[in-house]
Each structure stands twice: as C-alpha cells, then as structure tokens.
Amino acid sequence: MNTYERHRFPTDIISCAVWLYYRFNLSHRDIEDLLAVRGITVSREAIRLWCIKFGGLYARRLRRKHRGYGDTFYIDEVFVKINGKQHYLWRAVDQDGEVVDVHLKAKRDGAAAKRFFERLLRNYGGEPRKIVTDKLRSYPVAHRELMPGAIHSTKQYANNRAEQSHEVTRERERGMRRFKSIKQGQRFVSAHAAVGNLFNLGRHHVKAQH
C-alpha cells in the first residue's frame, strides 16, 4: 500500500517537513514558516500530524538499515516531568555515540531496569561485551539476571558519554514545553534518536590524520 496515499502534498514536501522537525530544534510553526518562504502553504497542524504519522515509520526504516552498534553500552537515566509527575528517560549509547535504545518509564527500580535491559538485548541481538552505568542499585540487579557475561563498570566519570547524550533531548524538551504524555514523549524520543544516529559520524569512520 502506498504510504502517502490520500495525501494532498507530494512525498518530498512531507518527508522534508518531518526531517526538519526531528533533525533540528524547530517547532511546527517554524517549519510552517520555512515552507511558506519557499512558496509552500501548509498549516502547522498538518505538519504536526505528518510528524506523528511518519516519524515512527521513518525511525523503523532507519533502524532496519542501521549498520550495527559497538560492543560497549553506556547506560543512564534522567528525570522527566510529565503532567506534574516524575518519570525517567532511560538511554543507552555505544562507544561511538550511537543511541542503542531510549525508553520512558514511570519508575527506575530493578523491574524497570530489567525491562530496559530486555529491550537492549532484543534490539542489539545479543549481550554486549561491557556496560557502563552509574551506581544506581537497580543496574546490578538487571546485570546479574540478564547480562551476567558482560563486564559491568561503575567508575566515576566513566558514564559521561551517556549523560551528555541527554543534552540534545533536554533542549528539545524545553522547546516543546515538556512532553504532554508518556506516549507522545516515547514517540518523539524514538524517532529523534533514529534520525540523530543517521547524522552521527562514528569515530570508526574518521581517519587518524583527521
């Protein structure tokens, strides 16, 4: 079935609008103005609906074509407030800065850590060689049960790579005036991570002289 069937605008315009939203710190209103400058009149509500409908689709396609992750995972979680309630954004990145997975949960206990580790094993296709976390007590529980063969490091400052990877999401969260729901937040961070990986130049692609 044609993905863009029954849409009035051409595929290039829809995909460009969705790409602009997930790649740069732009609102739907900003993209509406950018398209208007180019003679394309489309409402910000239409752009919002395009991002909801096609963001996840593009992200799944990008993940299927992904070249693969490294063997070391840096895992961290940050506080996210949604509708006045505290939630946690779990994130895992590899040694090249590629986001392996990102997931919004209401808790950060041992059960939540195990569910996140299960997602990592499913998406990665196996157990990584090493995981690096902070000293949250939920991580050793999940490590013992799901990744016993992986090296587990909790050294100070070793997890800075995962902590720094949250900054881009934090910036977008402020621009969006916080996530409105877990579903909306999860939909955004998943697509945002997949698009970000597409533009991440891993160190293994950079020659030594550069």
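I began with E145, which forms a salt bridge with K114, the closest N and O atoms being 3.3 Å apart. E145 lies in helix α5 (residues 138-146) and K114 in helix α4, so the pair ties together parts that are 31 residues apart in sequence. The term salt bridge stands for a side-chain nitrogen of Lys or Arg within 4 Å of a carboxyl oxygen of Asp or Glu. Helices (H or I, at least four residues) and strands (E, at least two) are DSSP runs, numbered from the N terminus. I looked up the cover of K114 and noted a relative accessible area of 25%, partly exposed. For these words, buried means under 20% relative accessible area, exposed over 50%, and partly exposed in between (1.4 Å probe, protein chains only).

I wrote down the ground rules next. This is a predicted model, where local features need pLDDT of at least 70 and side-chain atom pairs count only at pLDDT 80 or more, while totals for chains, interfaces and linings use all residues. Residues are numbered from 1 along each chain as its sequence is written, and side-chain values use heavy atoms, with hydrogens and water left out.

R44 is in helix α3 and E32 in helix α2 (residues 28-37), 12 residues apart, and the pair links distant parts of the chain. R44 is partly exposed at 37%, while E32 counts as buried at 18%.

I then checked R129 and D71, whose side chains meet in a salt bridge at 3.1 Å, N to O. R129 sits in the loop between α4 (110-124) and β4 (130-132), and D71 in the loop between α3 and β1, 58 residues apart. R129 is partly exposed at 43% relative accessibility. D71 is partly exposed too, at 30%.

**Surface patches**

Which residues form a positive surface patch? I listed R60, R61, R63, R64 and K65. Patches are made of residues with over 30% relative accessible area and no salt bridge; like charges are joined within 9 Å, nonpolar side chains (Val, Leu, Ile, Met, Phe, Trp, Tyr) within 5 Å. K65 lies in the loop between α3 (44-64) and β1 (72-82). With a relative accessible area of 73%, K65 is exposed.

I also found a nonpolar patch on the surface, formed by W19, F24, L198 and F199, with about 380 Å² of accessible area together. L198 belongs to helix α7 (residues 182-198). L198 counts as exposed, at 53% relative accessibility.

**A buried tyrosine**

Is Y21 buried or exposed? I read a relative accessible area of 8%, so Y21 is buried. Y21 is in helix α1 (residues 11-23). Not counting residues up to four places away in sequence, Y21 touches L26, H28, I31, C51, R172, M176 and F188; contact means heavy atoms within 4.5 Å. I also took the separation of the C-alpha atoms of Y21 and A208, which is 34 Å for residues 187 apart along the chain.

**Positive phi**

Most residues other than glycine have a negative phi. I found R6 with a positive phi of about 70°, although it is not a glycine. R6 is in the segment before α1 and is exposed, at 82%. Y157 also has a positive phi, near 70°. Y157 lies in the loop between β5 (151-153) and α6 (160-175). Y157 is exposed, with a relative accessible area of 60%.

Definitions and conventions
Areas by Shrake-Rupley, 256 points an atom, 1.4 Å probe, with all protein chains shown as cover. Lys, Arg positive; Asp, Glu negative; His and termini not counted. Charge placed at Lys NZ, Arg CZ, Asp CG, Glu CD.
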